[in-house]
Amino acid sequence: MAYDLEEQEKLDALKDAWNRYGNLVVGLLAIAIIAAAGMQWWNYHQRQKSAEAASLFGTLETAQQANQPKLVKDTAAALIDKYASTAYAARAALISASSNSQAGDFKSAQAQLQWVLDHSDENGLKQLASLRLAALLIDQKNPAAAIKLLDAPHDEAFAGRFADLKGDALMQQNQPAQARASYTIALEKLDAQSPFRKYIEVKLDGLGGETK
């Protein structure tokens, strides 16, 4: 009998706990189920977006190889517009910027390089965009804007190229001594096998600087 009473007390306690917290438990379970379903949907959606972006990027590469600048520009624009969160968008912008620059559309090239700087999460791509944009600005006789880009923090792996372009910008500003110093740094930073070394050595020779 005592056993039955004990069991009844436990049952009553469970009923009381359910009456107090049952709705909360059900609510928490529902939230957990919805969250899990939402995560599965998000993962599926992201995989689908990535696959679609990869397909478009393949079209872009084919257009680049076939020298079809309009198709390159349009495909890159579609990638940037619809798949900006994917890794393909910034790469598409870099390819399109190069294509537009070769076609003489410097305004579009500059806008696409700036997009990479503003939206990419990959430091390597951003620094590559900085170098290309600085070179474009130098070609457009805007050395001050180029130097502002080149003075930004960058990885040691890019230091030689940053210093080289800064030397070019300083030459446009008629500052040969500062340009010589920048070219010298570029030579120090570049790998001994870098193809850029010979061009920098020619620049230093023109300034009367010593090459290494």
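**Entry 1: the whole chain**

I counted the secondary structure elements first, and the protein chain has nine helices and zero strands. I'm keeping in mind that this is a predicted model. Reading along the sequence, I wrote down the pattern α-α-α-α-α-α-α-α-α. Next I looked up burial: of the 212 residues in the protein chain, 32% are buried. I also checked how far along the sequence the contacts reach. Taking contacts in the protein chain with a separation of 6 or more, 47% of them come from residues 24 or more positions apart.

**Entry 2: α7 against α8**

Helix α7 covers residues 159-172, and its axis sits 8 Å from that of α8. The packing angle for this pair is about 165°. Angles over 145 degrees count as roughly antiparallel, so I put α7 down as roughly antiparallel to α8. The crossing of α7 past α8 is left-handed.

Which residues meet here? On the α7 side I listed Ala159, Gly160, Ala163, Asp164, Lys166, Gly167, Asp168, Leu170 and Met171. Across from them, α8 brings Pro176, Gln178, Ala179, Ser182, Tyr183, Ile185, Ala186 and Lys189. I sorted the residues of this α7 and α8 contact and got nine nonpolar, four polar and four charged.

**Entry 3: α8 against α9**

I stayed with α8 (residues 176-189) and turned to α9 (residues 197-207). Their axes come within 10 Å and cross at roughly 150°. That angle makes α8 roughly antiparallel to α9. I looked up the handedness too, and α8 passes α9 in a left-handed crossing.

From α8, the contact uses Pro176, Ala179, Arg180, Tyr183, Thr184, Ala186 and Leu187. From α9, I found Arg197, Ile200, Glu201, Lys203, Leu204 and Leu207. Sorting the residues of this α8 and α9 contact gave me eight nonpolar, one polar and four charged.

**Entry 4: Thr75**

Now for single residues. I found Thr75 in helix α2, which runs over residues 69-82. Is Thr75 buried or exposed? Its relative accessible area is 6%, and under 20% means buried, so Thr75 is buried. I checked what its side chain reaches, and that is the backbone oxygen of Leu71, at 2.7 Å. Not counting residues up to four places away in sequence, Thr75 touches Leu56, Thr59 and Leu60.

**Entry 5: Ser101**

Ser101 has its place in helix α3, residues 87-102. Its relative accessibility is 25%, so I wrote it down as partly exposed. Leaving aside neighbours within four places in sequence, I found Ser101 in contact with Phe106, Ala109 and Leu136. I followed up on Leu136, which is 35 residues from Ser101 along the chain. The C-alpha atoms of Ser101 and Leu136 are separated by 8.2 Å.

**Entry 6: Glu61**

Glu61 has a relative accessible area of 34%, so I marked it as partly exposed.

Definitions and conventions:
Residues numbered from 1 in each chain as written. Predicted model: local features only at pLDDT ≥ 70, side-chain atom pairs only at ≥ 80, totals over all residues. Heavy atoms only, no water. Axes fitted to C-alpha atoms, helices over the stretch in contact; angles between N-to-C directions. Helix = DSSP H or I, 4+ residues; strand = E, 2+ residues; numbered from the N terminus. Parallel < 35°, antiparallel > 145°, perpendicular 65-115°, else oblique. Left-handed = near helix turned anticlockwise from the far one by under 90°. Contact = heavy atoms within 4.5 Å. Nonpolar A, V, L, I, M, F, W, Y, C, P; charged D, E, K, R; others polar. Buried < 20%, exposed > 50% of the residue type's maximum accessible area, 1.4 Å probe, protein only. Polar contact = N/O pair within 3.5 Å; in protein donor to acceptor, adjacent residues only side chain to side chain.
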